[in-house]
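Me: I would like to learn how to read a structure like this one. Please take me through it one feature at a time.

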Amino acid sequence: MTEHISLQIFNQLYTDYHPRFVRFANSYVRNTSVAEDIVTEAFIVFWENRENLYENSNLPAYILTIVRNRCLNHLKETKIHHQALSNIQEHAAWELDMRISTLEACDPQALFSEEVQKIINDTLALLPQKTLDVFVMSRYKNMSHKEIAQALDISTKGVEFHITKALSLLRKSLKDYVFVFLLLFFFENH
């Protein structure tokens, strides 16, 4: 192992190889400041580990190996970041496509057909009286949650609970009529 790599040897290595190593790193990471940081870190690692190197070690090759490994780590992290971003963008595009196709397939006549109205009426008939009262006040009388809570002497959280309960049952009943359910769900008064 090397007895001691002097500061003079370190400075000479830095002077001779720093610009080359930055160019090398930059050719892969394509960002000069990142390349400079990687090379600086490599020289720091070299300096901190200088006592552990063998006497005949090829010091520039040792430092360049550190640079290479740091570049690889940076590129792998960048790839993961890009994949995550791509997944988010794909999900957003899928959601937008779903909204477009749902709206294109929406038939206003079907929304208010007798068949759908019968399913809604049958489902509402299954609701407990208080849940039915809350739902009717919200959806048919356009009352706010606060107004319903005052009228029925319950909390606004109670109103939300009853509306959620009614919508859950309606969602199951109207599973083949997604558009009706969306109309009932998304035009909720607060």
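This is a predicted model: local features need pLDDT of at least 70, side-chain atom pairs count only at pLDDT 80 or more; totals for chains, interfaces and linings use all residues.

Me: Where is His18 placed, and is His18 buried or exposed?

Reply: Helices (H or I, at least four residues) and strands (E, at least two) are DSSP runs, numbered from the N terminus. His18 sits in helix 1, residues 7-29. Buried means under 20% relative accessible area, exposed over 50%, and partly exposed in between, with a 1.4 Å probe and protein chains only. His18 has 16% relative accessibility, so it counts as buried. Across the chain of 190 residues, 28% are buried.

Me: How many helices and strands does the chain have?

Reply: There are nine helices and zero strands. Along the sequence the pattern reads α-α-α-α-α-α-α-α-α.

Me: Which residues have the most contacts inside the largest nonpolar core?

Reply: In soluble globular proteins, nonpolar side chains tend to be buried together. A nonpolar core is a set of buried Ala, Val, Leu, Ile, Met, Phe, Trp, Tyr and Cys residues joined through side-chain atoms within 4.5 Å. Here the largest one has 21 residues, and Val39, Phe43, Phe46, Ile63 and Val67 have the most contacts inside it. Helix 1, helix 2 (32-48) and helix 3 (59-105) each give two or more residues to this core. Helix 2 supplies the largest share, eight residues. Another core, of 16 residues, lies apart from it and includes Met137, Met143, Ile163 and Leu167.

Me: How many aromatic pairs does the structure hold?

Reply: A pair of aromatic rings is described by the distance of the centres and the angle of the planes. Rings of Phe, Tyr and Trp (its six-membered ring) pair if their centres lie within 6.5 Å; planes under 30 degrees apart count as stacked, over 60 as edge-to-face and the rest as tilted. The structure holds 10 such pairs. One of them, Phe10 with Phe46, is stacked, at 6.0 Å centre to centre and 5° between the planes. Phe10 is in helix 1 and Phe46 in helix 2, so this pair ties together parts 36 residues apart in sequence. Both Phe10 and Phe46 are buried. For Phe21 and Phe43, the ring centres are 6.2 Å apart and the planes are at 35°, so that pair is tilted.

Me: At what angle do helix 7 and helix 8 pack?

Reply: Axes are lines fitted to C-alpha atoms, for helices over the stretch in contact, and angles run from 0 to 180 degrees between N-to-C directions. Helix 7 (residues 145-152) and helix 8 (residues 156-173) pack at about 105°, with axes 8 Å apart. Angles under 35 degrees count as roughly parallel, over 145 as roughly antiparallel, 65 to 115 as roughly perpendicular and the rest as oblique. Helix 7 and helix 8 are therefore roughly perpendicular to each other. Helix 7 makes the contact through His145, Lys146, Ile148 and Ala149, and helix 8 through Thr156, Val159, Glu160 and Ile163.

Terms used. Residues are numbered from 1 along each chain as its sequence is written. Side-chain values use heavy atoms; hydrogens and water are left out. Contact means heavy atoms within 4.5 Å.
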